[in-house]
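Please look over the sequence and the structure below before reading on. The paragraphs after them go through a few parts in turn.

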Amino acid sequence: MKITTLYVYPIKALRGIKLKSARIGPQGIAHDRTFMLFQVSEPDGELKKMQVDSHPQCALFEQEFSGGNISVRYHEPENQDQDEQPLVIPLTIDTATLARINVNLHGSAPSSAYSMGSPYEDWFSARFGFPIRLVYIGDGKRAVLGDTLPPKQHQQTTQNGKGGWLSSLTSYVTGRGQEGKPWITFTDVAPLLVTSESSLHDVSARLPADEPMPMYKFRPNIVVDGQGEEAWAEDLWAELTFNNKHKLLLTGNCVRCVSLNVDYETGKPAVGELGSVLKKLMKDRRVDTGSKWSPVFGRYAFPAVMQDGQGASFELRVGDEVEVTKRNAERTVWDWPGL
């Protein structure tokens, strides 16, 4: 197999950015989901997380890298020819001047987070039509909950240059040579999401020929072509190796929601067959016994590194070779509490 597409989402829930290459670290692709939008509920001021399923208008916001910044444009459905000045947000923020803020995502609260304030929150508030907080995770860390998603240490046997065999412990580490529990940014439950075009073809086969399902609605980080693998074979993938060197540990299924039905041009549920994709998948893709009402598409992944820190950061490119180097005998079971 080969990598066909790489995506990153600096601001969670907005449209993804396609990359030709990506730097992979313990928290996934650099800058992925380091910012997140929250709606300020009135009158109590409670912060409500904003994702495509609950706030489909998020799909109208395009983001791209521009130097050391994120450039955000709003595509108003009634004015597609607009030439609005984009909002420019620095990728790296000095948090010393920002107010700390308490937020929660799927029951896992970051150890710290920061409200970006004006003019950033004013810009988003004006376009959504209600008060917004743009939150930067900064030095915050979110715990990976449940027992099945956090990668387990496993023994890998490698051959040394003299023909003998050496054993080395492969695990997930938070830094070079430092063993620790995994942590994430504002990614949902894991650093990376891997999807296969073989399975996407199966989804599109359920739709009219002139309305194929676009992969971007599944919001992956790494897309592989699935060459030589049947549709849904990824359900059992446990380990992928890239260019015979770099490894990802695939530990959980991605269970799906109504975000699949959103039209990214209107910021509303799609009309016609594309508005019923979730229902179509529920017929035969509710294959995770831990989340029996939700269909599965894709696998969550963590970078695998050696105890000496090798592989803690590496680069992937579109076109890189991908091999399934470990498969599970049975599907993993979802157990993130409350999700």
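The text below starts with the whole protein and then turns to two of its parts.

This is a predicted model, in which local features need pLDDT of at least 70 and side-chain atom pairs count only at pLDDT 80 or more, while totals for chains, interfaces and linings use all residues. Residues are numbered from 1 along each chain as its sequence is written, and side-chain values use heavy atoms, with hydrogens and water left out.

The protein has three helices and 27 strands (DSSP runs numbered from the N terminus: H or I of at least four residues for helices, E of at least two for strands). Of its 339 residues, 54% are buried, meaning under 20% relative accessible area with a 1.4 Å probe, protein chains only.

S10 is joined to S11 (residues 114-115) by two bridges, and Ala99 stands opposite Ser115 in S11.

Three bridges join S19 to the parallel strand S20 (residues 222-224), where Ile222 stands opposite Val194. Between S19 and S20 the chain passes through helix H2 (residues 197-204), in a right-handed β-α-β crossover; right-handed means that, with the strands pointing away from the viewer, the path from the first strand over the helix to the second runs clockwise.

Terms used:
Two strands pair if DSSP finds at least two bridges between them. Buried means under 20% relative accessible area, exposed over 50%, partly exposed in between (1.4 Å probe, protein chains only).
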